Amino acid sequence: MKPTGPIPPYFEARDGELAIGGLTASALVKKAGDTPLFVYSKDAIVARMGELREALPEKVRIHYAMKANPYGPLLEMMADLVDGLDIASGGELAQARNAGYLPREISFAGPGKRDDELLTAIRAGVIINLESENEARRALDIGRTLDVAPRLAIRVNPEFELRGSGMKMGGGAKPFGVDADRVPALARELVESGANWRGFHIYSGSQSLDAEAIVESQANVIALSSQLAKDAGVDVPHLNMGGGFGIPYFDKDSRLDLTIIGDGLAEQLVNLPSNLAETDFALELGRYLVGEAGVYLTRIVDRKVSHGTTYLITDGGLHHQLAASGNFGTVVRRNYPIAVANRWDEDAAETVNVVGCLCTPLDRLGDQVLLPMAEIGDLIAVFCAGAYGASASPAEFLGQGPALERLV
Ligand SMILES: *Cc1c(COP(=O)(O)O)cnc(C)c1O
């Protein structure tokens with residue numbers, strides 16, 4: 001038997017089943033019409049946002065990084081909950097505008113922005129987080145062509161990195177952002193060119209469960225932007241401090257301590273360097289806002305034994321949940337939280353391998369997991385499916401096609 005990650009605290013039992021938004025897994029599947037099905041819980045997202053607002057200083061704005069989950073109804077719901085949206089492509093800009101976001105609430109980061117993407121964003125009035133000097137000059141040219149002052153910020157490639165276990169100093173070569181030592185000259189150039197100067201974006205890492213490391217990284221971000229602004233002789237209207245708040249996916253992962261982060265940030269905000277006194281601060285969070293709110297439901301289509309190992313073969317798999325299969329940036333595969341959704345209150349009875357329906361040994365959802373005795377037709381729930389699931393998996397692989405999605 002191998003351990004699984006912790007089931008998020010936002011779900012309850014009903015009629016012996018896992019229930020999401022008041023409906024049992026069976027009822028949700030029946031209503032949607034088929035499996036596999038991603039279900040995202042509004043209540044879980046609202047609860048998570050509440051916890052964040054409670055812990056963080058009021059002054060800190062919360063942005064949603066939509067690459068975590070761009071599902072339309074969820075994106076629309078987030079518009080009422082967050083203070084801004086971070087996008088990373090022209091496609092995301094179109095989705096964001098469809099979902100009702102105002103261009104002035106949107107900032108656009110990401111390397112390799114094409115001219116047409118820059119043009120659309122600049123014309124709309126979106127903030128561009130510039131990733132290079134070349135991109136800066138292209139954005140300025142487009143501003144001149146359109147006869148508007150583009151709203152420009154610089155994404156800084158810092159010399160520090162957020163690590164789950166503390167801060168790794170040293171920085172290094174990256175395709176993201178402008179190296180810190182070249183930022184002052186570029187900032188000056190932007191201000192002198194008459195751009196609408198917005199400040200800095202500094203993103204130092206992702207998926208950290210170490211609150212102290214996050215606080216340390218935020219202190220580094222504040223110190224660095226103050227120094228860069230001083231060197232450049234510019235002010236900092238806006239500072240996007242990055243995010244990096246992680247969620248527990250695996251056994252022994254602990255929940256992020258928001259109190260430590262909130263208190264740390266509050267202390268830094270009262271002791272700000274004087275050139276950041278008027279700055280607006282924002283955090284950009286993706287998985288922390290929506291990751292634990294999502295459940296992937298897939299049906300068992302076969303149950304077989306091979307050399308003494310029992311396999312539960314489902315109609316889902318890595319084409320929808322690449323991350324849970326261990327093939328999305330993980331070195332060693334470990335089990336996401338997993339359950340038999342329609343046997344929620346039954347005791348664990350056997351150790352099984354839960355696999356997907358793809359003809360590849362990579363397609364694993366649960367490796368030697370201890371579950372209640374499950375039959376063909378039962379529903380498997382894979383948790384932590386609200387971020388980097390449907391949109392971050394190769395849905396067309398093997399002709400499978402996308403899963404259904406519902407916000408409840
Ligand atoms: C991916 C990304 C995020 C969101 O990361 P999460 O780990 O989902 O919070 C935020 N900012 C930038 C620049 C990113 O590339």
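Reader: Which domains does the domain assignment give for the chain?
Author: Bounds here come from an automatic or database domain assignment. The model is predicted: local features need pLDDT of at least 70, side-chain atom pairs count only at pLDDT 80 or more, and totals for chains, interfaces and linings use all residues. Residues are numbered from 1 along each chain as its sequence is written, and side-chain values use heavy atoms, without hydrogens and water. The assignment gives domain 1 (12-40 + 291-407) and domain 2 (70-285).

Reader: How much area do domain 1 and domain 2 bury between them?
Author: Buried area is the accessible area (1.4 Å probe) that two parts lose on being put together, summed over both. Carbon and sulfur atoms carry 66% of it. The total is about 1100 Å².

Reader: Which residue meets E292 in a salt bridge?
Author: A salt bridge needs a side-chain nitrogen of Lys or Arg within 4 Å of a carboxyl oxygen of Asp or Glu. Here the N to O distance is 2.9 Å. The partner of E292 is R255.

Reader: At what angle do helix α6 and helix α7 pack?
Author: Helices are DSSP runs (H or I, at least four residues), numbered from the N terminus. Axes are lines fitted to C-alpha atoms over the stretch in contact, and angles run from 0 to 180 degrees between N-to-C directions. The axes of α6 (residues 133-146) and α7 (residues 183-192) lie 11 Å apart. The angle is about 0°.

Methods
Helices (H or I, at least four residues) and strands (E, at least two) are DSSP runs, numbered from the N terminus.
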